Amino acid sequence: QNKPVEVEFYYPVAVGGPITKIVDDMVTDFQKENPNIKIKPIYAGSYQDSIAKALTALKGGTPPQLAVLLSTDMFTLIDEDAIVSIDSLAKTDADKKWLGGFYDAFMQNSRTGGHTWGVPFQRSTIVMYYNKDLFKAAGLDPEKPPKTWAELVDYGKKLTKQDASGNTTQWGIEIPSGGAFAYWLFQALTTPNGAILMNEAGNEVYLDKPAVVEAAQFWRDLSAKHKIMPTGTIDWGTTPKDFLEKKAAMVWTTTGNLTNIRKNADFPFGVAMMPQQKRGGSPTGGGNFYIFKSGTPEQQAAALKFAQWATTPERAADWSIATGYVAVTPAAWETEKMKKYAQEVPAATVARDQLEVSVAEFSTHENQRVTKTLNDALQAALTGSKTPQQALTDAQRESDRILRSYK
Ligand SMILES: O=P(O)(O)OC[C@H](O)CO
């Protein structure tokens, strides 16, 4: 008997819950059906760790054959000549039908130059989780989350509580801004304010436009002026934790945290779309499958098979229910298990319905460097070390310099 084709598979974890076990179980199920393929799942850390590890392994001559990495890593992976386009592998009519079956909003970070490079897997939009008990205690209707920026501020003030010595014991709102994800959350402010941050070719950014500066000013004002959010930066992991510990009444984070929050919240909570300013909207987020160029044709075919299997309607539904990520195809939402789940947990449909007004996640060539520039600017604006205008003007200049050679 032939030896099974081996595929090393890097994957990240960006949300709470037993993700490594869920991935291991998924691989075990796949192998039961496909004994001629051996998928070796390798937990590679955060998204940022995972792309760094994949690129280091590539340079050392031992890249994985398959990886889930941010959808926004597409340009970097193309520039490094690390990956093959999915359309070059997905040749049959059935393959093409599969590739055409994903939500278009997710595919926006998968395509460039006439090719498709990533397959949507753990995909998201940003949603607002809010504590219904704390809403009631503040005299707010627990079935009516804030719909606009003005309401967000108004509700936030009602939901912020201090103890006798003036220390804040409960924050109205927390939006994570520490570490690598600040730019993503920022897009949940710039999108409603009518601003787009980059072009489709990934070689131009628009960070110093008035609507972008306004969005940063609003974010800063939530703490500095309205006093409804902690000052300084808030870490990604702190937000769901503070929500579960009732230290924050409303938090913004990925829908990928939904199952974790459902399992751990000892209070009723609601999930809402991003509040509107000029319009609604969120960026999409999360990770795509990428197939590496260095694999043999057999390994690439095996990697494609696994990506196809993991995104079949039944499997996409399983993954969505286990995590809270949006099931990536409309067909997955038509499965019996997903229909039942959506009925039992209507909160799960919010991120999906928000896709209609969602935009591509910020992504450019030299993505890590450009994104860091924007993150640093946002942190400077939020901590008050620079005005939002100054911070974003600097970020624009720096990004223009980085992107000059991609014009
Ligand atoms: O937390 P996720 O997996 O929804 O992804 C978040 C964003 O894409 C961060 O860049």
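Helices (H or I, at least four residues) and strands (E, at least two) are DSSP runs, numbered from the N terminus. This is a predicted model, in which local features need pLDDT of at least 70, side-chain atom pairs count only at pLDDT 80 or more, and totals for chains, interfaces and linings use all residues. Residues are numbered from 1 along each chain as its sequence is written, and side-chain values use heavy atoms, with hydrogens and water left out.

**View 1. The shell around the ligand has 13 residues.** The closest are Tyr47, Ser124, Thr254, Tyr325 and Glu361. A residue is near a molecule if one of its heavy atoms lies within 4 Å of it. By class, the shell holds eight nonpolar residues, four polar and one charged. Here Ala, Val, Leu, Ile, Met, Phe, Trp, Tyr, Cys and Pro count as nonpolar, Asp, Glu, Lys and Arg as charged, and the others, Gly among them, as polar. Helix H9 (182–190) supplies at least two residues of this shell, and so does strand S11 (284–291).

**View 2. The ligand takes up the space of the largest cavity.** A cavity is a set of points, on a 1 Å grid over the protein atoms alone, where a 1.4 Å probe fits but cannot get out. A molecule sits in a cavity if more than half of its atoms lie within 2 Å of its grid points.

**View 3. Tyrosine 325 sits in a loop.** The loop runs between helix H14 (313–323) and helix H15 (330–333). Tyrosine 325 counts as buried because its relative accessibility is 3%. Buried means under 20% relative accessible area, exposed over 50%, partly exposed in between (1.4 Å probe, protein chains only). From tyrosine 325 to aspartate 29 is 296 residues in sequence and 20 Å in space, C-alpha to C-alpha.

**View 4. Asparagine 288 belongs to strand S11.** Its relative accessible area is 0%, so asparagine 288 is buried. Its side chain makes a polar contact of 3.2 Å with the side chain of serine 110. A polar contact is a pair of N or O atoms within 3.5 Å; within protein, one must be able to donate a hydrogen and the other to accept it, and residues adjacent in sequence count only if both atoms are side-chain atoms.

**View 5. Serine 85 lies between helix H3 (74–79) and helix H4 (86–89).** A polar contact of 3.3 Å joins its side chain to that of aspartate 87.

**View 6. Lysine 227 and glutamate 366 have positive phi.** Neither residue is a glycine. Phi is about 60° at lysine 227, in the loop between helix H10 (210–224) and helix H11 (238–244). At glutamate 366 phi is about 50°. Glutamate 366 is in the loop between helix H17 (348–354) and helix H18 (367–383). Its relative accessibility is 25%, so glutamate 366 counts as partly exposed.

Technical notes:
1 Å grid on protein atoms, 1.4 Å probe; cavity = no way out; pocket = protein on both sides within 12 Å on 5 of 7 lines; lining within 4 Å.
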